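Here's a quick briefing on a protein model, written for someone just starting out.

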Amino acid sequence: MSRICIAQRHLSRQALPKGARTISTAPCTKYKTPTHLPSSEVNNEATSQTLSLASKYILPVYARPDLVLSHGKGSYVWDTEGRKYLDFSAGIAVNALGHADDGVVKTISENAGTLLHSSNVYHNQWSPKLAELLVTLTKKEGGLGFAPGNTSADDAKVFFANSGTEANEGALKIARKVGKDRWAAKEPGRSWDSSECSKTRIACFESAVTTNPKYQKPFGPLLPGVDVGQINDMAGLSGLVTEDTCAVIVEPIQGEGGINAAKVEWLQALRKRCDEVGAVLIFDEIQCGLYRTGNLWAHSALPSDCHPDVVTMAKPLANGYPIGAVMVRNSVAATMTAGSHGTTFGGSPLASAVGFYVLSRLSEPAFVAQLSKTSAYLKGRLERLPKWFPNILESEIRGRGLIMGLGFKNHTDPGRVVQMARERGVFVLTAGKDAVRLVPSLNVGREEVDLAVDVLESCLGEL
């Protein structure tokens, strides 16, 4: 090789940021061959015993591969046979700080040895601190009707639960009560507990709930009073949200539904329609909230005229320790009084302490800045895939921040790609019928991004 070529290569490398790779002109083929295939005969005693016990005693509602995870650190996990995997699913968007984070471990240990559980018969030190942090961050960064930098005396209220399901249940319960109050206030002589009250209907959206009779039939009769619409369908709003609607619940970015983002103009129209009929607007940010998009909330940077009355959250709030929460505008919270809702475990000292620690870490400016850089790098790498695989992938990358989706033209491909990636040591997820979902830990690095995308490129090349 000539001295000129050597010098040019040296200068090219010098110009690259630290840790960056040269830009590929073709997809990676390094991972064409599976390296993490399940053994035809499980010889590892820990693995075989666990699989045997699970088969005998666990309700078989999960279709799981024959591997058993033993431990994790950062963005990686290991199975009982010693194989290492990159967890680019973060426990379904839960492990925001990765696995076995030192600070999380310390917080759990210290508080488990101090006051593990006390019930909500008594106050504890941590739940008010976490509630305050949630509200003050929302006012500072935007959300729930507050523009970024809000300094008003108006605040919001928080209710703590144990999961996303409980958070949504609590939000809908609050909205039902508000709906009855508003129905009664509309005409003199009405009472909220009248059997004539019709303002009880709930509106939600396809993909977030199934409308497939095949899956509904075994669980019928279904909960009455639920209307299902299509996200981003302007024409259908007036028929979906009516005077009888008490609550509308929507994900600003659908998670399980396919990483589909609601358009700003549609959210504004939805907000307007809810105001017209007196319905409570709930944003389910269980998967897309708490910095996953690069902002505190997926709606933080959106105009306040599309903000919700209620936000629900859960997954990353305590990095895997069970917790959920409902944050409510004061105008809606006013209907709730002592005894109108409750929980035994929600807002425990331990869960709240861990949540406070995790949210404090996630909200640090340096952390958010690094998250933004990493997500931009991930998006840049993903945007090349539709150009290389135009017959397989949709042209647009879905989502933003670190909730990304690859849309597939053939609906059988996402499941195949998830399996192929796992067999090459990377965990990703499906989303809806037609997407592969990427929701890594929020402190994931460029090295992990490169490995994940390299494996995906190799898998797509093998389809």
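Which residues lie nearest the centre of the second largest pocket? They are Tyr62, Ala63, Arg64, Pro65 and Ile92, out of 30 residues that line this pocket.

Before going on, keep in mind that this is a predicted model, where local features need pLDDT of at least 70, side-chain atom pairs count only at pLDDT 80 or more, and totals for chains, interfaces and linings use all residues. Residues are numbered from 1 along each chain as its sequence is written, and side-chain values use heavy atoms, with hydrogens and water left out.

**The second largest pocket**
- On a 1 Å grid over the protein atoms alone, a pocket is an open set of points with protein on both sides within 12 Å along at least five of seven lines, and lining residues have an atom within 4 Å of a point.
- This pocket's volume is about 1400 Å³, where a volume is the space filled by probe spheres set on the points, joined across faces, edges and corners.
- Sorted by class, its lining has 18 nonpolar, six polar and six charged residues.
- Here Ala, Val, Leu, Ile, Met, Phe, Trp, Tyr, Cys and Pro count as nonpolar, Asp, Glu, Lys and Arg as charged, and the others, Gly among them, as polar.

**The cavity**
- A cavity is a set of grid points where a 1.4 Å probe fits but cannot get out.
- The structure has one cavity of 30 Å³ or more, and the largest cavity has a volume of about 40 Å³.
- Its lining has two nonpolar, nine polar and no charged residues; among them are His117, Asn124 and Phe345.

**An aromatic pair**
- Three aromatic pairs turn up in the whole structure (rings of Phe, Tyr and Trp, its six-membered ring, with centres within 6.5 Å; planes under 30 degrees apart are stacked, over 60 edge-to-face, the rest tilted).
- Phe205 and Trp266 make an edge-to-face pair, because their ring centres are 5.2 Å apart and their planes are at 80°.
- Phe205 counts as buried at 2% relative accessibility, and Trp266 is buried too, at 1% (buried means under 20% relative accessible area, exposed over 50%, partly exposed in between, with a 1.4 Å probe and protein chains only).

**Charges and contacts**
- Arg381 is buried, at 2% relative accessibility, and its side chain joins that of Glu457 in a polar contact of 3.0 Å (a pair of N or O atoms within 3.5 Å; within protein, one must be able to donate a hydrogen and the other to accept it, and residues adjacent in sequence count only if both atoms are side-chain atoms).
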